[in-house]
Amino acid sequence: MDSVILAHFAEIRENDIVADFGTGNGVLILLLKGRKKGKKYYALDIQQEAAELTERNMILNHLEDVATVIHTDAVDASLYIEPCSVDKIICNPPYGQPYSALASPSIQKAIARNQDEETMDHLLRGAFSVLKGRGKIYIVYPAPQMMYIMKLLQKHHLEPKRFQMVYPYIHKPANLVLIEAVKDARPTLHPMKPLIIYERDGSLTNELKSVYHLEEQTGF
């Protein structure tokens, strides 16, 4: 669901050049191309296994001509992508904070789910290096850590401009935040209407149905 709501939140135009940092299996690219967003994609992942999986997914979905898969740490993005050439970056990073929980015994899963001290610093340094002036980065992140990620974005001259809180239920605390940040922009922050996932009875809200492009169910 994180990738679906991020793909919906990101304002990506048909002719944009887009980089997906920490691509995993390439699902964000598949979602965006399915909605005719983005002209050219770069899919970066530090794990070779993830990069190989993304490459297979691009071939299976006939996107190998528009998506370039790169196995690298995001901090080195400008070695593979022309500096200041990317319009938009999308990023669904690992959420787990270092030392806050037991890591998965699988090395691949541990890297995909948990940050180390340098994970986000590397991602944002790489993002700044390849984004055009006034280019945008879109991130989904745990809501309780919103201040941390916004301050880190600012540290890397990526100014948060728009955010949306995501609530599992209207009576529960927010668990995610969607953030749009702009390279070398002035500080002005615009909150958006919150996104609620479930009704009290556990059914999907109309807002989430629209994100998934589901028709509103009606009775007979």
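A residue is buried under 20% relative accessible area, exposed over 50%, and partly exposed in between. The model is predicted.

**Two loop residues with positive phi**

By that cut-off lysine 36 is exposed, because its relative accessible area is 66%. Lysine 36 sits in the loop between H2 and strand E2 (40-45). Its phi is positive, about 60°, although lysine 36 is not a glycine. Most residues other than glycine have a negative phi. Cysteine 84 also has a positive phi, about 55°, and is not a glycine either. This cysteine 84 belongs to the loop between strand E3 (67-71) and strand E4 (86-91). At 46% relative accessibility, cysteine 84 counts as partly exposed.

How many of the eight residues of H1 are buried? Six are, so H1 is largely enclosed by the rest of the structure. The buried residues in H1 are Ser3, Val4, Ile5, Leu6, Ala7 and Phe9.

H1 packs with helix H2 (residues 27-34). Two packed helices are described by the angle between their axes and the distance between the axes. For H1 and H2 the angle is about 45° and the axes are 9 Å apart. Angles under 35 degrees count as roughly parallel, and 65 to 115 as roughly perpendicular. H1 and H2 are therefore oblique to each other. The crossing of H1 and H2 is right-handed. On the H1 side, the contact is made by Ser3, Val4, Leu6 and Ala7. On the H2 side, Val27, Leu28, Leu31 and Leu32 make it.

**Aromatic rings**

The count of aromatic pairs comes to three. Phenylalanine 9 lies in helix H1 (residues 2-9) and tyrosine 138 in strand E5 (residues 131-142), so the pair ties together parts that are 129 residues apart in sequence. Both phenylalanine 9 and tyrosine 138 are buried.

| Charged end | Ring | Distance to ring centre |
|---|---|---|
| lysine 40 | tyrosine 42 | 5.3 Å |
| lysine 183 | phenylalanine 128 | 4.3 Å |

**Contacts across the sequence**

Arginine 134 lies in strand E5. Is arginine 134 buried or exposed? At 53% relative accessibility, it counts as exposed. Neighbours within four places in sequence aside, arginine 134 is in contact with Val182, Lys183, Asp184, Ala185 and Arg186. Lysine 183 is also the residue whose charged end sits over the ring of phenylalanine 128.

Alanine 143 is in the loop between E5 and helix H6 (146-155). Is alanine 143 buried or exposed? It is buried, with a relative accessible area of 12%. Which residues does alanine 143 touch, not counting residues up to four places away in sequence? They are Met165, Ala174, Asn175, Leu176 and Val177. Alanine 143 and glutamine 164 are 21 residues apart in sequence, and their C-alpha atoms are 9.7 Å apart in space.

Note on methods: Residues are numbered from 1 along each chain as its sequence is written. This is a predicted model: local features need pLDDT of at least 70, side-chain atom pairs count only at pLDDT 80 or more; totals for chains, interfaces and linings use all residues. Side-chain values use heavy atoms; hydrogens and water are left out. Rings of Phe, Tyr and Trp (its six-membered ring) pair if their centres lie within 6.5 Å; planes under 30 degrees apart count as stacked, over 60 as edge-to-face and the rest as tilted. Helices (H or I, at least four residues) and strands (E, at least two) are DSSP runs, numbered from the N terminus. Buried means under 20% relative accessible area, exposed over 50%, partly exposed in between (1.4 Å probe, protein chains only). A charge sits over a ring if NZ of Lys or CZ of Arg is within 6 Å of the ring centre and within 35 degrees of the ring normal. Axes are lines fitted to C-alpha atoms, for helices over the stretch in contact, and angles run from 0 to 180 degrees between N-to-C directions. Angles under 35 degrees count as roughly parallel, over 145 as roughly antiparallel, 65 to 115 as roughly perpendicular and the rest as oblique. A crossing is left-handed if the near helix is turned anticlockwise from the far one by less than a right angle, and right-handed if clockwise. Contact means heavy atoms within 4.5 Å.
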